[in-house]
Amino acid sequence: MLIITIKQGKEKSLLAGEPWIYASAIEKVDGKPNEKMKAGGTAIVQSSSTKFLARAAYNSKSQIRARVWTFDEGEPVDHALIKRRVKAALAKSAAAAKKARPDQVVKLVNAEADNLPGLLVEQYGGKEGYLICEFQAAGVDAWKVPIVQTLIAETGCRNVYERADELVRKGEGLAFVEGALAGDEPPDEVPVTENGVKFALDLKTGERYKFR
């Protein structure tokens, strides 16, 4: 297990609930070299006096060196936590998803706001449609399989596609990958209505077009 020690005085933001830990706030990182290089590995975050502060996903290649999973010392970062977080996010967005028409895009998971730093999930077309996921941080990227499994189990939607922003992933030191994670890829364009305006959307890139 990695141990991140925060510089004296720099722990105030964490104590206030700030989920990001920048390189400038870290005094040292203890652990095996291979663990330090593993993007998204779980680390214990402690103060300069060795007081527990958080558990976080560590990434040596990002300016945001760590993103907090939990401030609860008794809460381990495991499959159960990931499943709980995904289910909680879906429960929060359930009302909007239920009311959505087949030609609407609904945001199901909104990164830090849903305690899943770097994860964005949208749905188009309900159960018979598509889930579009973006893994914009190493922590959620490392837990991609259980995240996708939980999304499928909870929504009943079998088509899951990974959309990627090349610059964002590069900034995290992550490979640029995109494609179907489960089921079928979405078509090149789908009809979408948003605030009464109709347009064509490429779910794979997020690009919008006028109807041809």
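Where is the kink of α3 centred? The kink in α3 is centred on S93 and comes to about 55 degrees, where the bend at a residue is the angle between axes fitted to the seven residues ending there and the seven starting there. Before we follow that helix, a word on the ground rules. This is a predicted model, in which local features need pLDDT of at least 70 and side-chain atom pairs count only at pLDDT 80 or more, while totals for chains, interfaces and linings use all residues. Residues are numbered from 1 along each chain as its sequence is written, and side-chain values use heavy atoms, with hydrogens and water left out. Helices (H or I, at least four residues) and strands (E, at least two) are DSSP runs, numbered from the N terminus.

Let us stay with α3. This helix covers residues 79-99, 21 residues in total. From its first C-alpha to its last it reaches 30 Å, close to the 30 Å expected at 1.5 Å a residue; the expected span is 1.5 Å times one less than the number of residues. Its buried residues (under 20% relative accessible area, with exposed over 50% and partly exposed in between, for a 1.4 Å probe and protein chains only) are L81, I82, R85, V86, A89, L90 and S93. An α-helix has 3.6 residues a turn, so residues three or four places apart point the same way. The cover over the buried residues of α3 includes β6 (64-70), β7 (105-110) and α5 (144-155), with contact meaning heavy atoms within 4.5 Å.

One of those partners, α5, has 12 residues and reaches 16 Å between its end C-alpha atoms, close to the 16 Å expected. Buried in α5 are K144, P146, I147, V148, T150, L151, I152 and T155. After α5 comes G156, with a positive phi near 80 degrees.

Of its 20 lining residues, A94, A97, K98, Q123 and T155 are the closest to the centre. The elements that give two or more residues to this lining are α3, β7, β8 and α5, and α3 gives the largest share, 7 residues. Here is how such spaces are found: on a 1 Å grid over the protein atoms alone, a cavity is a set of points where a 1.4 Å probe fits but cannot get out, a pocket is an open set with protein on both sides within 12 Å along at least five of seven lines, and lining residues have an atom within 4 Å of a point. Grid points are joined across faces, edges and corners, and a volume is the space filled by probe spheres set on the points.

By this rule there is 1 cavity of 30 Å³ or more. The largest cavity holds about 30 Å³ of space, and its lining includes A57, N59, I64, R65 and E172. Two or more lining residues come from each of β6 and α4 (138-142), with β6 giving the largest share, 4 residues.

Finally, visit the loop between β7 and β8 (119-124), where A111 is found. A111 has a positive phi of about 45 degrees although it is not a glycine, and A111 is buried, at 9% relative accessible area. N115 lies in the loop between β7 and β8 as well, with a positive phi of about 60 degrees; N115 is partly exposed, at 45%.
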